[in-house]
Structures are given as C-alpha cells and as structure tokens.
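Please keep the sequence and the model open, and find each residue as it comes up.

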Amino acid sequence: MSLKDDVLRLLFTVNDKGFILMSAAVFFVDAIITFLIIQRVPYTEIDWSTYMQQVECFTIKNIRNYSEIEGDTGPVVYPAGHLWTYSVFHALTNAGKNIRAAQYIFMGLYLLNLLAALRLYYKSNKVYVGLPFLIHDPISYIRRSFDLGRVFLFKWTVNWRFLPEEIFLSPRLHLALLSFHLVVLMMERTGGVGLHVSPFIKPQDIGSLLNKAGFDLVTLDSDEIQVGYPNMMALMYDLQLMAESHCTFTRSRTIRKDVLLAADAIYKAMYEKDDRYPATFRVISFIGWKPGPNMPKPAKRGSQNVSFKDLGKIVEDPRLLEKLSKKEDDSEKK
C-alpha cells in the first residue's frame, strides 16, 4: 500500500488520529485566515457602537426597563446575556474605542466556539443572567429578548447583499431556506431524501385499474375533509393508524428526531391557522360492475327523455323530472 493511500485513509476515514489531525488543521487554518482578515480587511461598522451604547444604558445609566435600552441603530433585541457579555467587552476595549482589541477578542471567541460551541450552548444558564430584568419587568424582557417574529433589516446584511430588498424580506425566501435546510439535514443524517407516506393516488388511476381488472360502468366520487391537528406529530400518528405511512418494502423505517422537529417548524410556518395544523384528506368512493347477465346495460343512444339543458332546472325543482318524462311519453304515444 502506498504512502498516498495511507494518508488518505488516515484523513478521510473514521479514526481517532485522523480526526485529531483534521481538527487541528481546520483550527489553525481558520486562525490564520481570521488573523489575516483582521490585519488586511478594513473594519466595517455595523452594530458595535450601538452595543456599547446599550451597555452604557445598563451599566452607567442603570436602566432596568428592557424596552428603554437602545442605541443609534435601535433597541436591544437579545437576551440579557448579550448585555453582560458586552459589558466585559466595554471594559476591555476602552468603552468600545479600541476596535483592534475587540477584533482580537472576537477572534479568540470564534476559535473557542469552533472547538466547543455545542457544549457551551447546553451549559449556559439564561434565566440567571436575565434575573435583574425579569424582576423589574418580565413582560418587556421576554417580548424584546425572544422576539421570534423580528425580521433582520436588509441594510445590515452582508452575506445576502446580492439580493433585492423585497426578495430578502419575503417570507417565501425564509420558508424556502428552511425547507432547504430540512432537505440537507435529511441528506446528511439519513443519506438521502425520501417519502414517509404512501404515494398519493388520483381518481383516474383508480378508474384505470378497475378497467384493467375487467370492471365496467366504473363510477367515481371524491370528498375532501379538512382536519385541524395540534401539531404535526398528531397528524403523523393518525396517518400511522390509518395505515397511510410509507408502505414500500425499501422504505426507511425510522426518522430522526431533529428531522421531525425541522419538518414541524416548516409545517407550522407554512400552514398553521388558528393554532391548528390543517390537513386535507381526500376520500375516494368507487364502484364497478363485473360483466355478467345481471350487469346494468347502458341505455340506447337517443333513448333519453330529459335534455341536458334542463338539468339545472331539475336540480332546483325535482318534480320537473316527472313532468318532463310524462311529456316525452305522451309525445311517443302520439
């Protein structure tokens, strides 16, 4: 086996040494690139000065009403941990004036996040750091710091600047990105994207199947029924009880929890109405006759005694059918 094969196996297969080497390479390359960006790319002011002003409202002006804490570009919209963290930055950067020091601080935090983001996230305690604001005015704190309906302003975006503003702010774009996230998540976690319910059938498919099976005089009817569910999981439970989950032999028999949660979020964003998840069921009824002596025969052409132009009148007045039939019979006798 060649040295090249050994290196490829070490770096691109699941093994402890390869993982350590790849992680170290990513970490140091990222550190070098970040350092070069700080050194060579001009500083772009977005929200740093505003954050410093918000911190001063908290630390210097001693404001505890969360709805009154703001800066040049707007009010504070993050939980209290944001203010506590930037209070430290405020002290370390000469009240926010030493931009280069702030950049190096964020570089260090970024690299730490690269190593331990998930662990730090699950070990955070949001209730404790928000306690001063919760004591003073819990409603304003919760509304402002956890405003999930807030839309990021186009003028502050960097990565999506190439889009027109109306597209950037469009809910359809947001839902499309969320849907794409679900697809990528399924591909990454399950190795692909597939259905989790049986394929839908159309009325014409049933008619075709009955005809191929030898049935005649096929009649079809369909009704649509809309049911509201408290969440997507309740809908899936009903589908399972109705034997409407995916029936193919090669189907995936499990689905990951994170995929379900992402799908539930998309369903809610796209279709939720009055705190319910609407689902429309189509019930198809059909009947067909097997050829035989007792099978009804189609009437002969021209033997009808009611004109199609009178159907609307018959619906409004069912007694009209009897009158028209009697009239036709009298005409035939004459």
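1. After helix 11 comes Gly 214, which has a positive phi, near 100 degrees.

2. Before going further, please keep in mind that this is a predicted model. The mean pLDDT of the protein chain is 76, and 71% of its residues reach 70 or more. Over residues 121-125 pLDDT stays under 50, and for this stretch the model has one contact beyond four places in sequence. Where pLDDT is low, the predicted coordinates should not be read in detail.

3. For an overview, the protein chain has 15 helices and four strands, and of its 334 residues, 23% are buried. Among the contacts in the chain with a separation of 6 or more, 65% are between residues 24 or more positions apart.

4. Helix 12 (232-241) can be read in the manner of the first point. Which residues of helix 12 are buried? They are Met 232, Leu 235 and Leu 239, and, seen down the helix axis, they fall within an arc of 60 degrees, so they line one face of the helix. The exposed residues Tyr 237, Gln 240 and Leu 241 are carried on the face turned away from the buried side of helix 12. The buried residues of helix 12 pack against strand 3, helix 13 and strand 4.

5. The loop between helix 12 and helix 13 (257-271) is the place of Glu 244, which counts as partly exposed because its relative accessibility is 38%. The C-alpha atoms of Glu 244 and Pro 199 are separated by 9.1 Å, although these two residues are 45 residues apart along the chain.

6. Turning to the nonpolar cores, the largest has 17 residues, of which Trp 48, Met 52, Tyr 66, Ile 69, Leu 83, Tyr 86 and Phe 133 touch the most other members. Two elements give two or more residues to this core, namely helix 3 (48-59) and helix 4 (80-92), and the largest share, six residues, comes from helix 3. Leaving aside residues up to four places away in sequence, Tyr 86 touches Trp 48, Tyr 51, Met 52, Val 55 and Phe 106. A second, separate core of 14 residues includes Tyr 229, Leu 239, Ile 266 and Phe 281. In soluble globular proteins, nonpolar side chains tend to be buried together.

7. Not counting residues up to four places away in sequence, Gln 54 touches Ile 69, Glu 70, Gly 71, Gly 74, Pro 75, Val 76, His 82 and Leu 83.

8. The second largest pocket holds about 690 Å³ of space. Its lining has 18 residues, of which Tyr 43, Thr 44, Ile 46, Gln 103 and Phe 106 lie nearest its centre. Helix 2 (16-40), helix 3 and helix 5 (99-123) are the elements that give two or more residues to this lining, and helix 5 gives the largest share, six residues.

9. Asn 94 counts as exposed, at 51% relative accessibility, whereas Ala 95 is partly exposed, with a relative accessible area of 28%.

Note on methods. Residues numbered from 1 in each chain as written. Predicted model: local features only at pLDDT ≥ 70, side-chain atom pairs only at ≥ 80, totals over all residues. Heavy atoms only, no water. Core = buried A, V, L, I, M, F, W, Y, C linked by side-chain atoms within 4.5 Å. Buried < 20%, exposed > 50% of the residue type's maximum accessible area, 1.4 Å probe, protein only. Contact = heavy atoms within 4.5 Å. pLDDT = per-residue confidence, 0-100. 1 Å grid on protein atoms, 1.4 Å probe; cavity = no way out; pocket = protein on both sides within 12 Å on 5 of 7 lines; lining within 4 Å. Points joined across faces, edges and corners; volume = space filled by probe spheres on them. Arc of directions from axis to C-beta.
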